[in-house]
Amino acid sequence: MAPPTTPTRYGLTRDELAAHLDGEPRYRLDQLWDGLYTQLAEPTDISNLPKALRARLDERLPAALTPVTESVSDTGDTVKFLWELDGGSRIETVLMLYADRATVCVSSQAGCAMACGFCATGQAGFTRHLTVGEIVEQVVRAAQRAKRVDRRVSNIVFMGMGEPMANLGPVWASVERIHADLGLSARHITISTVGVIPGIRSLADLPLPVNLAVSLHAANDALRDELVPLNKRYPLDDLVAACADYLRVKNRRVSFEWAMIDGVNDREQDARELAELCRRLQPHAHVNLIPLNPTPGYPTRGTPLARVHEFRDALERFGANATVRRNRGTDIDAACGQLAAGQAVTIGRKPG
Ligand code: SAH
């Protein structure tokens with residue numbers, strides 16, 4: 001399905017927005033821009049604009065996301081939004097409030113074509129790319145929600161539904177908008193990839209120093225071919241070389257995501273291989289460990305927490321840096337790999 005081409009409220013640059021204010025005094029653009037991006041207001045609530053203009057803008061610049069549900073977990077600190085898009089497909093966004101930061105996990109596609117078997121989004125398949133307006137609006141909506149509890153969004157992770165590198169044009173345009181128009185530091189923006197090497201190389205050539213996260217999950221090709229099918233196209237040696245180049249150009253830390261799957265990638269040998277791979281990227285590679293979250297289409301469970309900590313200790317013994325990440329929003333299916341936007345996933349599910 002092709003993404004829509006009609007303009008939406010947060011899809012326009014400042015210059016493009018100016019075209020919608022034809023015949024208005026020039027200061028109206030400042031008022032509108034400040035209303036949308038500083039006050040995070042709806043056009044109808046931007047009180048220094050004349051009422052008729054507010055109504056016109058509201059009608060001409062529709063929102064791209066229609067709210068379906070909002071689920072809350074972790075005593076209010078994790079909020080998952082389910083949105084419906086033009087054309088009917090659905091996506092999710094997660095807002096996570098921490099003591100020292102507020103992070104929005106955004107989707108870059110409706111569904112995903114990468115087909116990682118353990119990921120609910122991958123199990124559901126690909127529907128379509130998201131537009132710049134749909135990506136930026138996820139951040140604005142989450143920021144509006146954070147503002148209600150007096151919090152400001154500080155970090156963005158492209159770790160929601162979809163493969164950002166497969167939709168890099170709109171993803172990068174939205175990074176630039178989030179940076180310039182919403183005022184977030186590039187150092188607080190992370191793009192996560194399953195390992196699309198041309199995407200990593202393109203990212204290295206783009207100006208802003210965003211963080212790169214790579215969903216590794218296995219440090220030998222045989223196992224990674226099974227877990228992450230794209231590995232067959234972009235095997236580990238080439239992937240590590242691309243990460244090393246990214247590090248060299250950007251001088252930003254590269255992190256590896258490692259979803260710990262019981263008895264699959266949590267053995268001593270796995271820790272040894274992973275540490276060896278990290279040492280090729282020293283001093284900037286960092287491993288994030290999380291126990292695999294349950295998804296309907298994948299039978300194997302996550303590694304028990306005690307073993308996750310042992311694995312972390314083993315990695316450090318072998319000379320790699322690793323952190324055990326706290327899981328957020330598992331009870332509302334908002335955690336890593338659980339975003340399916342309400343799609344019924346049945347692949348591999350046991351009958352009954
Ligand atoms: N497609 C990109 C962006 C998605 S990020 C990428 O793969 O990097 C979502 C992260 O959650 C990825 O690291 C993914 O591998 C991980 N993940 C997927 N399913 C998971 C699960 N069931 N439990 C834990 N992590 C999972």
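The structure is a predicted model, in which local features need pLDDT of at least 70 and side-chain atom pairs count only at pLDDT 80 or more, while totals for chains, interfaces and linings use all residues. Residues are numbered from 1 along each chain as its sequence is written, and side-chain values use heavy atoms, with hydrogens and water left out.

The average pLDDT of the chain (the predictor's confidence in each residue, from 0 to 100) is 94, and 97% of the residues score at least 70. Residues 344-352 have a pLDDT below 50; this stretch has 11 contacts (heavy atoms within 4.5 Å) in the model beyond near neighbours in sequence.

Where the domains meet, 5 residues of domain 1 are in contact with 9 residues of domain 2. Buried area is the accessible area (1.4 Å probe) that two parts lose on being put together, summed over both. Between domain 1 and domain 2 it is about 640 Å², with 52% from carbon and sulfur atoms. Of the area that domain 1 buries against domain 2, 76% comes from Tyr37, Leu40 and Glu42, more than from any other three residues.

Glu42 also takes part in a salt bridge (a side-chain nitrogen of Lys or Arg within 4 Å of a carboxyl oxygen of Asp or Glu) with Arg141, at 2.7 Å, N to O. The count of salt bridges between domain 1 and domain 2 is 1.
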